[in-house]
Amino acid sequence: MTTIAQIQFFPDQASKMAGQVDTLLVWLILLTGAVTFAIAAVMIFFLAKYRKRAAADRTPPKAENLAIEVTWSVIPFFIFLGLFGWGAKIYFNESIDPKNAMEVHVVGKQWMWKLEHLQGKREINELHVPLGQTVKLVMTSQDVIHCFFMPAFRIKEDVLPGRYTTQWFKATKAGTYSIFCAQYCGTNHALMTGQVIVMTPTDFAAWLKTGRETVSVAQRGEQLFHSLGCSGCHAAQAAVRAPLLEGIYGSQVPLADGRIVHADERYLRDCILIPNTQIVAGFDPVMPSFQGRISEDDLFAIITYLKSIGSSPPEANIPNR
Amino acid sequence: MTGWRSRKDEYEAARVRRNLMPLPVQNYAVVEKEEPPSYLQEHTLRSWLFTTDHKRIGLLYLFTIIVFFVIAAIAAAIMRLNLLTPRGDLIQAETYNKLFTTHGVLMVWFFLIPSIPSVLGNFLLPLMLGARDLAFPKLNLLSWYIFILGGAIALYALLVGGVDTGWTFYTPYSSTYSNSHVALMAAGVFINGFSSILTGLNFIVTTHKLRAPGMTWFRLRLFVWSMYATSLIFVLATPVLAMTLTLMALERIWHVGVFDPALGGDPLLFQHLFWFYSHPAVYIMILPGMGVVSELICAFAKKRVFGYTFVAFASMAIALLGFLVWGHHMFVSSQSVFTGMIFSFLSFAVAVPSAIKVFNWTATLYRGSISLDTPMLYAIGFIGLFTVGGMTGLFLATLGIDVHVHDTYFVIAHFHYIMVGGMVMAFMGGLHFWWPKISGRMYPEFLGKMTAIVTFIGFNLTFFPQFILGYLGMPRRYHAYPEQFQVYNVLSTAGASILGLGYLLPLCYLIWSCRYGKRAGNNPWGAKGFEWETTSPPPVHNFEQPPVQTEEVYNYPPPGHEAVAD
Ligand SMILES: [Cu+2]
Ligand SMILES: [Cu+2]
């Protein structure tokens, strides 16, 4: 049993974002609390004053009053507008792709979280991160929809099969915090929990070195790039004419159907799994689909590899016509 | 209590004697001598199963939804007991998942959605409009049979093993991964939808075509306005649910790729379609309650509602805006930031008409002549709980907060404040208010008041701790949980047992009153409206003389002019 002292009223606050969300919450509580109590007070006052047997002035007031109605519609509306703006600002900040973030790959499956650091270190249901470092989670699911929820950082994002979603946080307090799956995903949904362990950067570096030797994710991706035959087409000297992939990540890619798309993780993923839906302008649709032939882990690795090679926009890809 | 009651009767007698009501009262005084057969006269089973009388059909719905309510409430009770301990020792995870699905599906589609519309709406709409029946009485009976069919299939799905997807049926879990009877349950809900659509159609046509002479749109009762708005949602939104569930079943049975990415589908499409129906459906589950409360406030403050046009149009505004906010259920499902902002903004916008209603109800009390009978206690409870529910809705519409509390107990608490604190309180209030009309008998007033208070306390104890739980981070649909959440779960379970008492009592004393309750006069509350001008219980065709609306709606005599009992 829990003792009184252990009763929590507020969740742990382990990032700046958490503080910002809590401030907004406190203001919301004060504001809505004040209005609720005001309504209650007025109502109780009327109930007492105008109860049937009490003597009171009951001259009928006007039954409609436009001025009053407009006032009590417009004032809440503007208050709402303020709340909307405040909340939207936090949401917007949460959704900006952070710079210099340490990337961690997350794969959700019934009923566990598999995580992989770029250095190649893997964990299950645990996420070790260094203090003060922005961490970006790139997440996908192998089966149904899950949701990666870390209350101490006040963030969550659904983890979907067939696509990547991301979220980021920057821990400001060392400690151990919960991870929950917040989206119902079947029988053991409630057991799909874990822990974020925030450590000092030195501890983290030491932790990374523990366990067996690992190759980095990008290196693994490079090996796969060769073993799966990608390089047979995508290398500069290849026989098949296929776009060079150096510096593709983050560039603008012109497609055969006239669209120009931003090459992010999701684009790269779709190129590999469903290449026919987006053909690069000027190339033949000869790339085979790797759907079902490649695991989520390996896909992550290849994409990480593609992200790691070169940063110059692949001008060579745009053919002279 | 008897003393109070006899004063009421005296008042009634005095009012008739002194001819204080306009024309219809006189007609009706003549009629009373002839004692027209009440709609409850016939007792055969046949007379119930083949009736086309809207009043009897309303009661058929009442009996059926009570059955579903009891099953769904038992499911909730078992869940709450299980949550007493962090490890969830009472039942297994799989059972737990099936229970919350049962609770959700039955409460939403087989209790809340039909509660006020199909029971009170059916009973009252023609009476309030001064009509003999709904526009299509046979269609009305058909709606009930369809409802029964849908319900039977849903119960069958439970008996053969149940469903574990949650009432939201999210794909690809429902369409590919779940090993339970999803398609069967979906079929039950699908069929149930047609009952809603037909009832909605019937109500819309009735409101347009069968209003008494003199009853212009702005002389409609607010309950009728709310039924009208609800019916629009029934007719416009329910087909989307039917299509969504059909697509889901197609994918499940024949692997047609619509929602499962492994089959080339898009899992978010399901959520868009589902909430495009289900958010408006949330308003199906509150608008009727607002209608009832408007009636109760007027009747017990003996006053016309303040800002009639605003309250009426607020219902319509809610019904229409309600179609534009579905995306607020998907703020963390990876939709774009911009989309999130639009849906957040619109969700705030839809809160304005709800706020208007609360303010107008409060203002109606000003200079009223207020009596605190049971229905009024429920109405006041409704306003309080609905306000808390609405205010916490603002928290959820605020993007930065929703990211944290989405899919936690905060959301559970929020919508129970609206659905149970709001709709069920209103339903109970309405049931007590119109009980004398429905049964011809009074319920025991003291017990009624006690029950209203017990319900209010039990409700708050059950659901308020869940707000805190949610902010602390306890996700919904958890069969077991970390130890730090236990205190609030224990409180919540304790509250639920009090709440249960609050529902059990009326079930007993209302049944008791059918036989032993004091006979009710035609208008025990001294309220305005056609339904109070006919006998209690009303004759088969509602009125002996078709009533005529000669005055404004809620035209309560100015204070001092009314007959006072003492
Ligand atoms: Cu889950
Ligand atoms: Cu909604």
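Analyst: Happy to. Along the sequence, the residues that donate to the copper ion (ligand 2) are spaced H-x48-H-H. H279(B) sits in helix 10 (residues 267–284) of chain B, while H328(B) lies in the loop between helix 12 (308–321) and helix 13 (337–365) of that chain, so this pair, 49 residues apart, links distant parts of the chain. Please keep in mind throughout that this is a predicted model.

Which atoms reach the copper ion (ligand 2)? They are ND1 of H279(B), NE2 of H328(B) and NE2 of H329(B), at 1.6 to 2.0 Å from the ion. H279(B) and H328(B) are both buried.

The chain that carries this site is helical: chain B has 18 helices and 0 strands. Its radius of gyration is 24 Å, close to the 24 Å that the globule rule gives for 566 residues, so chain B is as compact as a globular protein of that length. Its C-alpha trace spans about 75 × 45 × 45 Å along the principal axes, and 66% of the 566 residues in chain B are buried.

Now for the copper ion (ligand 1), whose protein donors belong to chain A. Here the spacing along the chain reads C-x1-Q-x1-C-x3-H. The donor atoms are SG of C181(A), O of Q183(A), SG of C185(A) and ND1 of H189(A), and they lie 2.1 to 2.5 Å from the ion. The angles subtended by these 4 donor atoms run from 88 to 126 degrees, which makes the arrangement tetrahedral. For reference, the ideal angle for four tetrahedral donors is 109.5 degrees.

Of its 36 lining residues, T36(A), F37(A), V388(B), Y417(B) and F464(B) are the closest to the centre. By residue type, the lining divides into 28 nonpolar, 8 polar and no charged residues.

Notes
Residues are numbered from 1 along each chain as its sequence is written. Chains are lettered from A and ligands numbered from 1 in the order in which they are written. This is a predicted model: local features need pLDDT of at least 70, side-chain atom pairs count only at pLDDT 80 or more; totals for chains, interfaces and linings use all residues. Side-chain values use heavy atoms; hydrogens and water are left out. Donors are N, O and S atoms within 2.8 Å of the metal (3.2 Å for Na, K and Ca); water is not among the atoms, so sites may look incomplete. Helices (H or I, at least four residues) and strands (E, at least two) are DSSP runs, numbered from the N terminus. Buried means under 20% relative accessible area, exposed over 50%, partly exposed in between (1.4 Å probe, protein chains only). Four donors count as tetrahedral if all angles lie between 85 and 135 degrees; four count as square planar and six as octahedral if opposite donors are over 155 degrees apart and all others between 65 and 115; anything else is irregular. On a 1 Å grid over the protein atoms alone, a cavity is a set of points where a 1.4 Å probe fits but cannot get out, and a pocket is an open set with protein on both sides within 12 Å along at least five of seven lines; lining residues have an atom within 4 Å of a point. Ala, Val, Leu, Ile, Met, Phe, Trp, Tyr, Cys and Pro count as nonpolar, Asp, Glu, Lys and Arg as charged, and the others, Gly among them, as polar. The radius of gyration is taken over C-alpha atoms; the globule rule is 2.2 Å times the number of residues to the power 0.38.
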